[in-house]
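These notes record what I looked up in one structure.

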Amino acid sequence: MEQQEELLKGAERLAKHMSVYQQDLAPDITTDASYAAEAKEALINECEELWKQMEECQNKLSSLGPETLTDSDAQLSLLIMRVKGLTAERNQWQKRTPEIVPNNQDILSALGKEELQKLDQDLEMVLSAVQAQNVKLKEDLRREQQWLNEQEQLIESLKVTHDELKTQEVHFSEERAVRELKSKMIKIKAYKEELLSALGEFLDNHFPLPEEDENVKKKKKKKCAGPTVQLISLHEILEILISKLLTAPHEPYVAIQDSFWPPYIELLLRSGIALRHPEDPNRIRLEAFHQ
């Protein structure tokens with residue numbers, strides 16, 4: 001009990017001393033490292049001494065044997081006495097103030113200065129971090145403000161353009177559009193005719209119909225009892241292939257007829273203009289150059 005009272009009194013003295021120290025403490029806190037280490041060691045030794053005393057008290061209490069009471073009234077009276085004792089002890093503890101250990105003011109001052117110095121260093125680190133964060137936030141704010149100004153200028157320019165477009169009267173005539181489409185279709189058809197005419201002229205000049213000798217013709221007539229087949233030009237063959245490709249793109253193959261001169265068919269196949277059917281070699285199609 002006496003040791004506990006000393007602890008309470010020491011704590012009270014430490015609280016008073018810290019309040020006075022905080023008022024008189026200068027911003028720049030410096031302390032001797034060796035003196036602080038000695039103060040810590042003294043405090044640890046004193047705590048260890050108190051701990052040994054507490055262990056001795058605990059051993060003494062544990063060495064006492066349990067009380068054996070046979071009479072129920074005696075047991076009840078013992079419990080009542082214990083309750084009264086605990087109540088009195090509680091009231092006594094409530095009236096007392098804690099006493100800090102140790103009582104050496106120099107040790108307490110050294111430890112307090114060391115703790116305040118650590119706190120000052122931590123606060124300086126926090127302050128530097130906050131300042132760096134403030135610099136970054138200012139830079140972000142400047143960029144965001146610049147972006148906002150650019151967006152506002154863009155909005156203003158778009159508003160001006162919108163107002164200008166609203167003031168302009170745009171008249172759309174359906175008849176005029178139909179006339180323009182018809183005019184374009186006529187031009188396209190005329191251009192198509194020019195291309196076909198130029199293609200036909202080119203083919204007629206460079207790929208004319210084959211001419212056979214009269215003796216060869218007579219021999220063929222003797223061999224063939226039926227009528228002779230009239231060959232068609234390369235221009236006509238291409239027209240048949242083009243027409244088939246445009247009218248039936250799903251089935252663009254054309255059967256090779258007797259009127260198709262074989263050298264022309266071979267020429268179209270070799271030059272890649274025509275393709276054979278993968279399953280029927282007697283059918284060909286025009287290469288889809290427009291796709």
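I count two strands as paired if DSSP finds at least two bridges between them. Helices (H or I, at least four residues) and strands (E, at least two) are DSSP runs, which I number from the N terminus.

**Entry 1. Basis of the model.** I am working with a predicted model, in which local features need pLDDT of at least 70, side-chain atom pairs count only at pLDDT 80 or more, and totals for chains, interfaces and linings use all residues. Residues are numbered from 1 along each chain as its sequence is written, and side-chain values use heavy atoms, with hydrogens and water left out.

**Entry 2. Confidence.** I looked up pLDDT, the predictor's confidence in each residue, from 0 to 100. The chain averages 77, and 72% of the residues score at least 70. Confidence is lowest in helix 1 (residues 2-24), with a mean of 46, and highest in strand 1 (residues 254-255), at 90. The pLDDT is below 50 over residues 6-11, a stretch that has 24 contacts in the model beyond near neighbours in sequence; contact means heavy atoms within 4.5 Å. Over residues 14-31 pLDDT also stays under 50, and the model has 16 contacts for them beyond four places in sequence. I note that where pLDDT is low, the predicted coordinates should not be read in detail.

**Entry 3. Overall make-up.** I found eight helices and three strands in the chain. From the N terminus on, the elements run α-α-α-α-α-α-α-β-α-β-β. Of the 291 residues, 15% are buried, where buried means under 20% relative accessible area, exposed over 50%, and partly exposed in between (1.4 Å probe, protein chains only). The chain exposes about 23800 Å², of which carbon and sulfur atoms supply 57%; accessible areas come from the Shrake-Rupley method with a 1.4 Å probe, and for residues only the protein chains shown count as cover. Among contacts between residues at least 6 apart in sequence, 73% join residues at least 24 apart.

Entry 4. In what order do the strands of the open sheet stand? I read the order as 1-3-2, with antiparallel pairing. Strand 1 and strand 2 stand at the edges with a single partner strand each, so one side of each has no neighbour in the sheet. Two bridges join strand 1 to strand 3 (residues 283-286), and Ala255 stands opposite Arg283 in strand 3. Three bridges join strand 2 (residues 274-276) to strand 3. Leu275 stands opposite Arg285, while the bridge partner of Arg276 is Ile284. Strand 2 and strand 3 form a hairpin with six residues between them.

**Entry 5. Helices against the sheet.** I then asked which helix packs on the sheet by touching strand 1 and strand 3. This is helix 7, whose direction makes about 75 degrees with that of strand 3. Axes are lines fitted to C-alpha atoms, for helices over the stretch in contact, and angles run from 0 to 180 degrees between N-to-C directions. Helix 8 (residues 262-270) lies across strand 2 and strand 3, running at about 95 degrees to strand 2.

**Entry 6. Phe260.** I located Phe260 in the loop between strand 1 and helix 8. Is Phe260 buried or exposed? Phe260 is buried, because its relative accessible area is 3%. Beyond four places in sequence, Phe260 is in contact with Ile232, Ile237, Ile240, Val254, Ala255 and Ile265. Gln230 is 30 residues from Phe260 in sequence, and their C-alpha atoms are 9.1 Å apart.

**Entry 7. His235.** His235 lies in helix 7 (residues 234-247). I list His235 as buried because its relative accessibility is 16%. Apart from neighbours within four places in sequence, the contacts of His235 are Leu196, Gly200, Leu203 and Asp204.

**Entry 8. Helix 4.** I checked the span of helix 4 (residues 105-167): at 1.5 Å a residue its 63 residues should span 93 Å, and the end C-alpha atoms are 90 Å apart, which agrees. The expected span of a helix is 1.5 Å times one less than its number of residues. Buried residues in helix 4 include Ile107, Leu108, Ala110 and Leu116. Leu111 is also found in helix 4, and I count Leu111 as buried because its relative accessibility is 16%. The C-alpha atoms of Leu111 and Ala39 are separated by 6.9 Å, although these residues are 72 apart along the chain.
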